[in-house]
Amino acid sequence: METEPGPAWGWILAYGVLVVLIGSLALGNPLATGLATGFLLGVMLLTYGLVALISGLSSLSKRGRWIEALLGLLGVAAGGFVLFAPFAGALSLVWAIGFWLFVAGILELVSAIKGSHDRGWRFALGLLDIVLGGFLLFSGPASSLVFLAGIVGISFLLRGVFLIILALGLRRLSRSL
């Protein structure tokens, strides 16, 4: 069932412009971006912890009740810590991503050495992941937050540009019908 684009393109355009503005703000104010990221991480951990704790303590869960309750307590504690210190939460997220990239890069290099296809790409991506992960792991807190803000800002900018192009395409399509 096909529908004509109609006036929906205007909402998509407005959404795209809003996303571009958010991306610009993220790039322009890395401390606020780090604070917002830390706050969101804290809310997610706290929510997860409460749900896991309720699950572990409820009669709905028969197996693994103690592990759910312990994970719930850990989530509540971590979420509370991050909400009271959102910059520390943002930094821990940056360091976790850095560790993941570093390990993924090493595994990619091993795969490039042992594999028989796509060696060049795997080797290049492995080196890139190691460099980015190392930067996140060993840079200072301010540099890490700026890098996080850059990633978030660029992601929002590109997503917003895509939405704007989509909206203008829908507008052109609706006028041609």
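Predicted model: local features only at pLDDT ≥ 70, side-chain atom pairs only at ≥ 80, totals over all residues.
## Helix H2 against helix H6

Helix H2 spans residues 30–57 and helix H6 spans residues 141–176. Their axes lie 8 Å apart, and the two helices pack at an angle of about 80°. Angles of 65 to 115 degrees count as roughly perpendicular, and H2 and H6 are therefore assigned to that class. On the H2 side, the contact is formed by Pro 30, Leu 31, Thr 33, Gly 34 and Thr 37. These residues meet Leu 145, Val 146, Leu 148, Ala 149 and Val 152 of H6. By residue type, the contact of H2 with H6 comprises seven nonpolar and three polar residues, with no charged ones.

Thr 37, a residue of helix H2, can be examined individually. Its relative accessibility is 15%, so Thr 37 counts as buried, the cut-off being under 20% relative accessible area. With neighbours within four places in sequence set aside, Thr 37 is in contact with Leu 93 and Leu 148.

## Helix H5 against helix H6

Helix H5 covers residues 119–138. The axes of H5 and H6 come within 8 Å and cross at roughly 130°; the two helices are therefore oblique to each other. Leu 132, Phe 135 and Leu 136 represent H5 in this contact, where they meet Ser 143, Ser 144 and Phe 147 of H6. The residues involved divide into four nonpolar and two polar, and no charged residue takes part.

Asp 129 also belongs to helix H5. Not counting residues up to four places away in sequence, Asp 129 touches Leu 101, Phe 102, Ala 104 and Gly 105.

Gly 16 is located in helix H1, which runs over residues 8–28. Because its relative accessibility is 0%, Gly 16 counts as buried. Beyond residues up to four places away in sequence, Gly 16 touches Gly 160, Leu 163 and Ile 164.

Ala 52 lies in helix H2 and is likewise buried, with a relative accessible area of 3%. Its contacts, with residues up to four places away in sequence not counted, are Glu 68, Ala 69 and Gly 72.

His 117 occupies the loop between helix H4 (86–114) and H5. Its relative accessible area of 46% makes His 117 partly exposed, a class that lies between the buried limit of 20% and the exposed limit of 50%.

## Sequence separation and spatial distance

The table pairs separation along the chain with C-alpha to C-alpha distance.

| Residue pair | Separation in sequence | C-alpha distance |
|---|---|---|
| Gly 16 and Pro 141 | 125 residues | 31 Å |
| Thr 37 and Gly 160 | 123 residues | 19 Å |
| His 117 and Ala 149 | 32 residues | 35 Å |
| Ala 52 and Leu 73 | 21 residues | 8.2 Å |

Two of these pairs include a residue already described at an interface.

Key:
Residues numbered from 1 in each chain as written. Heavy atoms only, no water. Helix = DSSP H or I, 4+ residues; strand = E, 2+ residues; numbered from the N terminus. Contact = heavy atoms within 4.5 Å. Buried < 20%, exposed > 50% of the residue type's maximum accessible area, 1.4 Å probe, protein only. Axes fitted to C-alpha atoms, helices over the stretch in contact; angles between N-to-C directions. Parallel < 35°, antiparallel > 145°, perpendicular 65-115°, else oblique. Nonpolar A, V, L, I, M, F, W, Y, C, P; charged D, E, K, R; others polar.
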